[in-house]
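Dear colleague,

Please have it open while you read.

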Amino acid sequence: MLTEPKGGLATAGAFSRQEREAVYRAIETRRDVRDEFLPEPLPDDLVKRLLAAAHNAPSVGFMQPWNFVLVRGAETRERVWQAFRRANDEAASMFAAEQQGKYRSLKLEGIRKAPLSICVTCDRTRGGAVVLGRTHNPQMDVYSTVCAVQNLWLAARAEGVGVGWVSIFHEEEIKAILGIPDHIEIVAWLCLGYVDRLYQQPELAVKGWRQRLPLEELVFEEGWGNCSESS
């Protein structure tokens with residue numbers, strides 16, 4: 001005799017029209033914020049809601065490999081910004097000469113301006129050596145952590161909080177600043193703060209760095225390169 005799974009099953013169905021519109025609005029208006037942060041601190045209960053949204057992300061084997069290091073201190077953020085600045089100078093030199101000026105014109109001041117930073121990490125040892133669903137793709141734990149970042153980002157948009165994802169740094173420098181163990185992988189440095197303005201389109205598109213690709217060029221049917229007839 002089959003027994004009902006622990007926790008049971010709940011009725012599933014589409015959200016109401018207003019709820020669906022809210023979800024899609026959060027997705028479509030989410031932006032990577034670089035310089036528009038307001039100095040007002042985020043309330044603790046709001047931060048807890050954002051972290052809970054992240055913690056409700058899907059994870060392979062339910063291993064929940066993430067940790068969240070909250071950084072509010074100006075001194076720590078300044079040390080991280082200095083690490084970022086060094087890496088950013090290196091990054092600028094990697095682009096062609098005609099792109100370097102445009103690259104350096106992009107304001108990347110979130111680490112200093114945002115009142116809260118969150119270092120999101122992945123513990124790839126959590127769950128043991130063999131994890132359900134990760135047996136043939138060891139990157140699934142990192143992908144799971146990225147899902148947590150996206151959950152937090154969308155919840156933040158709904159709360160009127162801007163998020164900027166900083167990825168230009170040498171990981172070992174950030175680990176040394178925060179005392180992160182060697183086996184832990186840094187997935188994202190997120191800058192968070194209230195914003196009263198957001199770009200209507202992604203900032204890099206507005207500033208001519210790169211434009212959104214047409215969706216119809218990215219969708220194939222039944223195999224690679226087979227474009228949908230409807231597109």
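**Cavities and aromatic contacts**

The second largest cavity is lined by R31, D32, V33, E36, R197, L198, Y199 and E203. Please keep in mind throughout that this is a predicted model. The lining of this second largest cavity divides into 3 nonpolar residues, no polar ones and 5 charged ones, and its volume comes to about 40 Å³.

A search of the whole structure gives 2 cavities of 30 Å³ or more, and the largest cavity holds about 40 Å³ of space. Around the largest cavity lie R30, R31, V33, W153, A156, R157, V161, G162, V163 and L198, and the elements that contribute two or more residues to this lining are α6 and β3. In the lining of the largest cavity, 6 residues are nonpolar, 1 is polar and 3 are charged.

W153, one of the residues that line the largest cavity, also takes part in an aromatic pair with W165, which is tilted, with 6.1 Å from centre to centre and 50° between the planes. Since W153 belongs to helix α6 (residues 140-158) and W165 to strand β3 (residues 161-166), the pair ties together parts that are 12 residues apart in sequence. W153 counts as buried, at 8% relative accessibility, whereas W165, with a relative accessible area of 27%, is partly exposed. R30, which is also among the residues lining the largest cavity, lies over the face of W153, at 4.5 Å from the ring centre.

Turning to the aromatic pairs as a group, the count comes to 3. One of them is formed by F95 and W209, whose ring centres are 5.3 Å apart and whose planes stand at 85°, so this pair is edge-to-face. The pair links distant parts of the chain, with F95 in the loop between α3 (74-93) and α4 (97-105) and W209 in the segment after α8 (203-206), 114 residues apart. Are F95 and W209 buried or partly exposed? F95 counts as partly exposed because its relative accessibility is 29%, and W209, at 23% relative accessibility, counts as partly exposed.

A charge over a ring is found at W81, where the charged end of R112 sits over the ring, 3.5 Å from its centre.

With best wishes

Conventions: Residues numbered from 1 in each chain as written. Predicted model: local features only at pLDDT ≥ 70, side-chain atom pairs only at ≥ 80, totals over all residues. Heavy atoms only, no water. Phe/Tyr/Trp six-rings, centres within 6.5 Å; stacked < 30°, edge-to-face > 60°. Helix = DSSP H or I, 4+ residues; strand = E, 2+ residues; numbered from the N terminus. Buried < 20%, exposed > 50% of the residue type's maximum accessible area, 1.4 Å probe, protein only. Lys NZ or Arg CZ within 6 Å of the ring centre and 35° of its normal. 1 Å grid on protein atoms, 1.4 Å probe; cavity = no way out; pocket = protein on both sides within 12 Å on 5 of 7 lines; lining within 4 Å. Points joined across faces, edges and corners; volume = space filled by probe spheres on them. Nonpolar A, V, L, I, M, F, W, Y, C, P; charged D, E, K, R; others polar.
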